[in-house]
Amino acid sequence: MLTYTFRRLLISIPTLLFIAFVIFMLLELAPGDPMANMPLTIPPEVKEKMRLALGLGEPWWIRFPLWLKQFFIVEPQYWFDSAFGTNFADGAQRIISFQSRSPVFDTIAQRMPQTLWVVGMSYVVGVLIALPIGIISAYRQYSVFDQVGTFVSMIGFSVPPFFSGVLLIVIFSVTLGWLPSIYDTTHVVNDWASFKVQLMQMVMPVMVLALQTTAQVSRYMRASMLDNLGQDYVRTARAKGMKESVVVMRHVLRNSMIPVITVIALGIPAIFGGAIITEQIFKVNGLGQLLIIALQGNDIPMVMTLTFLFAILIVMFNLIADVLYGVFDPRIRYD
Amino acid sequence: MPDGALQPGSADPVLDVRGLKTVFKVRGGEVHAVNNVSFDLRAGELLGVVGESGSGKSVTMMSLLGLLPSPPADVRGGSVRFEGQDLLHITPEQLRAVRGGRIGFVFQDPMTSLNPVFTVGYQIMEPLRAHMGLNKNAARARAQELLELVGIPGAAQRLDDYPHQFSGGMRQRVMIAIALACDPKVLIADEPTTALDVTIQAQIIELMKELRDKLGMAVIWITHDLGVIAGIADRVLVMYGGQVVEHAPVQELFRNPQHPYTRALLTTIPKISGERARRLTVIQGQPPILGDAPTACPFRDRCDVAIARCATENPPRYDLGGGHDAACFVAKGAVDA
């Protein structure tokens with residue numbers, strides 16, 4: 001297993017380099033000008049100088065390796081320096097956003113907590129709700145519970161967040177006035193009262209996103225449980241005189257979780273991508289919103305870095321999902 | 001009442017099944033899978049149950065222990081006396097104590113009957129801990145004993161192996177070890193050798209005979225292989241269309257089959273002796289679809305000695321003497337009481 005993991009890690013290096021190259025070239029070939037947002041009063045020759053100052057005068061075969069160097073060498077050095085007070089970076093050029101002229105990674109670090117709180121929490125909540133729903137729906141197939149669960153999943157799948165989000169705001173913020181409609185990023189949690197405020201402002205975005213996660217994961221869970229409930233080993237467990245709870249929650253669940261864990265693991269990178277639409281609706285300034293603004297402003301370093309970070313996460317979680325598969329299913333060994 | 005034939009001999013039966021009736025509810029009706037089945041099982045004997053696919057053999061045995069999923073299955077009537085209680089009318093807890101504790105079950109396909117994600121040792125220890133209240137170490141020691149008993153080499157190490165690391169025959173031995181774990185009085189083996197190749201089949205049969213003698217339990221052996229039955233059974237039940245059509249001690253059955261279905265079954269056994277290879281014999285026609293409670297003999301359409309009465313009345317089991325009975329109007333010695 002260790003050898004396998006190590007080999008997969010090695011293989012992921014060329015994969016990621018290739019992905020970086022593709023992203024870079026796509027941005028390079030895409031139309032758009034980082035200077036387009038500058039005021040029209042700036043004379044063209046000044047704009048040209050600004051363009052050169054941003055490094056855009058160099059050809060791609062110079063800029064791409066430079067970006068790689070900044071991403072893989074300079075930025076880790078800065079991170080290491082700030083963590084341990086060393087001075088490896090020695091003032092080397094970091095990846096700078098065209099729009100804000102501040103280091104891209106500093107902005108990402110500012111945006112990350114909001115996204116993790118809202119989107120990450122919604123994922124956790126969604127999965128925690130989905131698993132029991134899936135288990136009960138399968139065990140009591142075609143019961144009222146199962147029918148309601150199926151209906152709710154269908155809604156979760158088919159109603160987009162720009163509808164459910166606005167609907168929630170209309171009901172709970174406008175009509176009832178219970179919950180704030182805007183997520184206040186500057187809010188600091190330091191006691192119970194402020195924690196309660198934080199919870200209140202998280203409820204709606206978390207629920208909107210959790211509905212989707214719940215819909216998907218509960219369907220997977222239900223299908224996987226149904227596959228296993230009819231298996232011969234379930235009859236064996238009953239014939240051994242095991243309690244129904246042991247039969248379902250140990251024998252069947254353990255087998256049913258194998259594919260579901262993979263689905264859950266593969267969904268985690270999407271958390272970091274943020275929820276572009278939901279973040280917009282509730283004014284959460286997370287990573288999704290950051291990416292949209294960067295795209296609109298032709299902020300190539302920001303878009304490039306964010307997209308590549310997502311790529312790393314996706315590759316890593318694919319690897320994690322494969323390893324987990326081997327951990328949970330003894331029939332699968334990678335050696 | 002011809003059912004007098006079913007009264008047990010001198011010994012009290014371990015298991016006494018009377019008038020068992022199981023129905024499956026399906027779209028647009030019911031399937032009468034088990035119809036008024038009665039039999040008994042005496043201590044230490046091996047009762048063979050034969051019949052073609054769909055004759056109700058397995059469903060009968062699963063009904064005894066409530067192992068059929070309900071719905072669609074519905075055990076509608078009869079009684080199953082075992083150790084002073086009626087298994088059809090006890091609480092789920094009491095039934096669980098019987099399953100795996102007092103009555104062991106071995107299933108047909110060892111490739112799918114073990115849980116793939118738990119070690120073999122864990123799966124053997126489960127009933128030991130649940131029924132006998134053994135702690136982990138005691139259960140493990142007993143599990144090792146059991147694996148040795150069923151002839152698995154290197155038992156101590158193999159406890160930590162997963163089912164996929166065992167061959168089919170070895171997995172069936174594990175299944176037998178699980179069934180035997182709590183010293184059951186009755187072992188029900190549902191086609192335990194059907195999924196195995198012939199040499200392994202012989203080993204498993206040998207093992208079961210040996211274990212029966214060693215442990216003194218009663219065994220119900222379900223199969224469609226008359227050759228297997230001839231080699232191991234003491235008595236035989238022949239089932240057809242969800243009913244018991246003939247019941248006799250094994251030698252009597254092979255020497256003097258009375259039900260036309262039994263006779264037809266016996267002619268289908270291929271012989272390797274003889275002048276030249278003959279075509280395999282088949283029983284013409286299809287087994288009945290058990291849509292309604294039978295009002296006629298289920299075998300009449302395929303029967304070559306059927307009489308008019310067979311179409312209007314379902315024959316009861318006539319006592320033919322010597323522990324032999326057959327549900328046929330034309331059986332030799334069948335007299336209406």
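Predicted model: local features only at pLDDT ≥ 70, side-chain atom pairs only at ≥ 80, totals over all residues.
## A sheet built around β1(B)

Leu20(B) has Val37(B) as its bridge partner in β2(B). Strand β1, residues 13-26 of chain B, is joined to β2(B) by 10 bridges, and the two run antiparallel.

What does β1(B) pair with besides β2(B)? Eight bridges link β1(B) to strand β4, residues 73-82 of chain B, again with the strands antiparallel. Here Phe24(B) is found opposite Ala73(B). Put together, the strands belong to an open sheet of four, in the order β2-β1-β4-β5 of chain B, with antiparallel pairing. At its edges are β2 (29-42) and β5 (85-86) of chain B, each of which pairs on one side only.

## The buried strand β9(B)

Now for a strand that sits well inside. Six of the six residues of β9 (residues 235-240) of chain B are buried, so this strand is largely enclosed by the rest of the structure. In a regular strand, side chains alternate between the two faces of the sheet. In β9(B), Arg235(B), Leu237(B) and Met239(B) point one way, while Val236(B), Val238(B) and Tyr240(B) point the other way, and all are buried.

Which strands pair with β9(B)? One is β3 (residues 46-50) of chain B, which runs parallel to β9(B) and is joined to it by four bridges; Gly48(B) has Val236(B) as its bridge partner there. Another is β10 (residues 243-249) of chain B, paired with β9(B) in the antiparallel sense over six bridges. Across that pairing, Leu237(B) stands opposite His247(B). β9(B) and β10(B) form a hairpin with two residues between them, and Gly241(B) in the turn has a positive phi of about 55°.

## Chain B as a whole

Chain B contains 11 helices and 12 strands. The C-alpha atoms of chain B fill a box of roughly 65 × 55 × 45 Å along the principal axes. For 337 residues, a compact globule would have a radius of gyration near 20 Å, and the 21 Å of chain B agrees with this. Of those 337 residues, 47% count as buried. Contacts reach well along the sequence too: among those in chain B between residues at least 6 apart, 64% join residues at least 24 apart.

The largest nonpolar core has 149 residues, and Ala177(B), Val186(B) and Ile220(B) have the most contacts inside it. Take Val186(B) as an example: beyond its neighbours within four places in sequence, Val186(B) touches Val14(B), Leu15(B), Leu41(B), Ile103(B), Met217(B), Ala218(B) and Ile220(B).

For chain B, an unreviewed UniProt entry places the feature "domain: ABC transporter" at residues 18-266. Over that span the chain is 40% helix and 27% strand, with the end C-alpha atoms 27 Å apart.

For chain A, UniProt (unreviewed entry) places the feature "transmembrane region" at residues 9-30, 116-139, 151-179, 199-217, 258-282 and 302-328. How much of two of these spans is helix in the model? Residues 151-179 of chain A are 79% helix and 0% strand, with the end C-alpha atoms 27 Å apart. Residues 302-328 of chain A are 100% helix and 0% strand, and their end C-alpha atoms lie 38 Å apart.

## Where the two chains meet

The contact draws 23 residues from chain B and 18 residues from chain A. On the chain B side, α2 (92-98), α3 (110-113) and α4 (120-131) each supply at least two of the residues that touch chain A. Which element gives the most to this side? It is α4(B), with four residues.

Methods:
Residues numbered from 1 in each chain as written. Chains lettered and ligands numbered in written order. Contact = placed C-beta atoms within 7 Å. Pairing = 2+ DSSP bridges. UniProt positions renumbered as here; feature names shortened; annotations may be inferred. Core = buried A, V, L, I, M, F, W, Y, C linked by C-beta atoms within 7 Å. Buried ≥ 20, exposed ≤ 12 C-beta atoms within 10 Å, placed from the backbone. Rg over C-alpha atoms; globule rule 2.2 N^0.38 Å.
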